[in-house]
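I opened this notebook to keep track of what I looked up, one topic per entry.

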Amino acid sequence: MNYLRERMGKIVAIVIGASLLAFILGEVLRSGSSFFRGDSDALGEVAGEKISYKDFQARVEQAKQQSGQTNLSGQFTTYMEEMTWNQEVSRVILNKEIDKLGLVVTADETNAMVNGNNPDPQILQYFGDPKTGKVDQVKFNNFKASINAAKADDPMKIQWLQFLDQLGTNKLAQKYISATGNGIYVNSLDAKDDYENKNKLANFKYVTLDYASIPDSKVTLTDDDYQSYYNDHQYQFKNKQETRSFDYVSFSAAPSKEDSATVKEQVEKLVPELKSTTNDSLFVQINAETKAPLTFKRKGQLGDPQLDSVMFNQSNGFVYGPYFSNGSYKIAKLIDSRVGPDSVKARHILLPIGAGGEAEAKAKADSLKKLIQAGKSFDELAKTYSIDKQSGEKGGDLGTFGRGAMVAPFDDAAFDGKKGELQIVTTQFGVHLLQIEEQKGSSKVVKVAVVDKPVAASSKTQGVAYSNAQKFLGALTRDNFDAEAKKEGLTKKTAEDIQPLASSFQGVDDARQLVRWAFKADKGDVADQVYVAGDQYIVPVLTQIKPKGTLPLDAVKKQIEGAVRNHVKAKQLLDKFQAAENGTANIDQVAQKVNEKVVPVQNIVFANPVIPGLSLEYKVVGTVFGSKPNKLSKPIEGEHGVFVFSLDNFINPAPLANAVREREQIGQALAQRSQSALFDALKDKANVKDYRSKFL
């Protein structure tokens, strides 16, 4: 069962993100009859099916466990929640589509994925023989026998059944994507066009009048200008989800100079005690904020450049500090120094600490040690007894590792011992029988005790900041935010287009509660309380709500101001060019009339519409490829200005030699894009309603 327990966590975890299917699906199609038990539990709704908050949280917790991450930061949790939400939306959408098509995975297909001649790659990965590249049938049969003998409620048996279910899920996904992908067809004309777009060259000359040539102060924008531009570009203003913006002022509760001086004084008082203590490790555990184990380290591993420059040239017992580093005051003591190896090649047998405790595990390790000393193969014992299956299958081999790569007790034993020694070491993972095979290199190492105290804001500093924020809040009404901020000499800041599940915005972390308020407030509302975000006390006022869907002109007016101004300038520049073209026969005469230079451009391709020095110019380059040589173009409104050009010639590529290969390449690219586009289209059709901001 040890083998089973070692493998199953990895097997289930790899399923979550093994391929593009996992990105789209994950646990997408796992059946579940009840996702909703009352509207108060509804986290969202997809195509009329409700997703329950309780079930969602259970899936998030499962995903966290399978990730293997131990340091679950707020950012990581947010990522897992977003991933799980996408999987849930996908599950509902694709279940409905698969049901429409009547797709199923038969028992024979499932058996073939597990026991067939061409098993699923995950079966091969975990039960394969590296020498043959095929499934190790003895190992796999033993595994299945253990599963069959296990009770129905055994966690490993449950995980195996879930794994089999997931294989069926992925197979269904493959069938669905194959069915939809069969509609993609690339003909010979498509291949020819794509080939020419990438290889046909255009040489031309152009004259441009930059928008910057007209000062902004000379342009007055009217409501009609905005409305006209908005009407022509409405497709650009679709908001995928509601966003909100708010103005705010913040009151800093960062540590003051007095706070810093107080912490420094506390650390200074510890210097005599650190010098005199005979138990440095205990002293660090009692007094340090960072309770790191004391191990030998080479230069570059001490964490502080200041220590690197000092400790390698001092005598044992030397104390350095207080010094400031990474937000803390610190003192450091040189405990010991020596010359030691740079790296070690070693192997081990890891034994669990079971019901009999550490003593029993050590006794077993001692028995194995005696067997090895009597001539028994270390390799065979490691394969039989080590619970570290990854190294055990290689005879316990850990490879070569540098100082600090292993946990402290193991690291000390490996680097302080001698070649060939067998040592018994206890760590948080169990009891190790360690054998040092080789030690390489030689350099000076030091053991340093570091005591750190972070500089934090005192209750007095926090109280003053909060009091000032509360005073400001008390003076606010719906209409006087700007006036009060100016009166108090405060800097008004803006958080723009904040999304419903944001937990931070520019310059502000830990702001989830503030964002929740923003999505409950109405435009113009001032906060009902002072919000705490990190070391800031914040007072906000909601200034804008951008709903999901096509945004109205008022919501994007500020955003499009620059583009509207350029459009108005373009009208003036178009008129200037049109006047210049009257009575002229070539581009040189046009350039002379507008007092600009003719710029030659060589070897431009349609698929990459970049004009050197100006970046992308889609409209200009597109027009070039639809022109005839030696014809003066009409003025064109581009991205950087208004253009007039004259095509010199095209250079056609050699005939397409392999249309079949070109079609295959285009088809593969389309197939990759179609999977994402298909899901986006289905998601739009499913009318997804997202209520997560009320819960998370």
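Is Pro612 buried or exposed? I note before answering that the model is predicted. With a relative accessibility of 56%, Pro612 counts as exposed, because the cut-off for that class is over 50%.

**Entry 1: around Pro612.** I placed Pro612 in the loop that runs between β21 (610-611) and β22 (615-616). When I set aside the neighbours within four places in sequence, I found Pro612 in contact with Val601 and Ile604. For Val601, which is 11 residues away along the chain, I also looked up the separation of the C-alpha atoms from Pro612, and that value is 7.8 Å.

**Entry 2: strands.** I next followed β9 (residues 319-325) into β10 (residues 328-340), and these strands pair in the antiparallel sense over five bridges. Within this pairing, Phe324 stands opposite Tyr329 in β10. The two strands form a hairpin with two residues between them, and I noted that Asn326 in the turn has a positive phi of about 50°. β10 also pairs with β15 (residues 443-454), again in the antiparallel sense, over 12 bridges. There I recorded Ala332, which stands opposite Val450 in β15.

**Entry 3: nonpolar cores.** I then turned to the largest nonpolar core, which has 28 residues, and the members with the most contacts inside it are Phe237, Val556, Ile560, Val564, Phe577 and Val642. The elements that each supply at least two residues of this core are β5 (201-210), α10 (223-232), α21 (553-556), α22 (561-581), α23 (587-594) and β24 (641-651). The largest share, seven residues, comes from α22. A second, separate core holds 23 residues, and it includes Phe56, Phe679, Leu682 and Leu696. As background I wrote down that nonpolar side chains in soluble globular proteins tend to be buried together.

**Entry 4: aromatic rings.** How many aromatic pairs does the count come to? I have 23 in my notes. In the pair of Phe143 and Trp160, the rings are edge-to-face, with 5.0 Å centre to centre and 80° between the planes. This pair links distant parts of the chain, since Phe143 belongs to helix α7 (residues 137-149) and Trp160 to helix α8 (residues 155-181), 17 residues apart. I found both Phe143 and Trp160 to be buried. By contrast, Tyr230 and Phe237 form a stacked pair, with 5.5 Å centre to centre and 0° between the planes.

**Entry 5: charges over rings.** Phe140 comes up again here, as Lys144 lies over its face at 4.3 Å from the ring centre.

Conventions:
Residues numbered from 1 in each chain as written. Predicted model: local features only at pLDDT ≥ 70, side-chain atom pairs only at ≥ 80, totals over all residues. Heavy atoms only, no water. Core = buried A, V, L, I, M, F, W, Y, C linked by side-chain atoms within 4.5 Å. Buried < 20%, exposed > 50% of the residue type's maximum accessible area, 1.4 Å probe, protein only. Helix = DSSP H or I, 4+ residues; strand = E, 2+ residues; numbered from the N terminus. Phe/Tyr/Trp six-rings, centres within 6.5 Å; stacked < 30°, edge-to-face > 60°. Lys NZ or Arg CZ within 6 Å of the ring centre and 35° of its normal. Contact = heavy atoms within 4.5 Å. Pairing = 2+ DSSP bridges.
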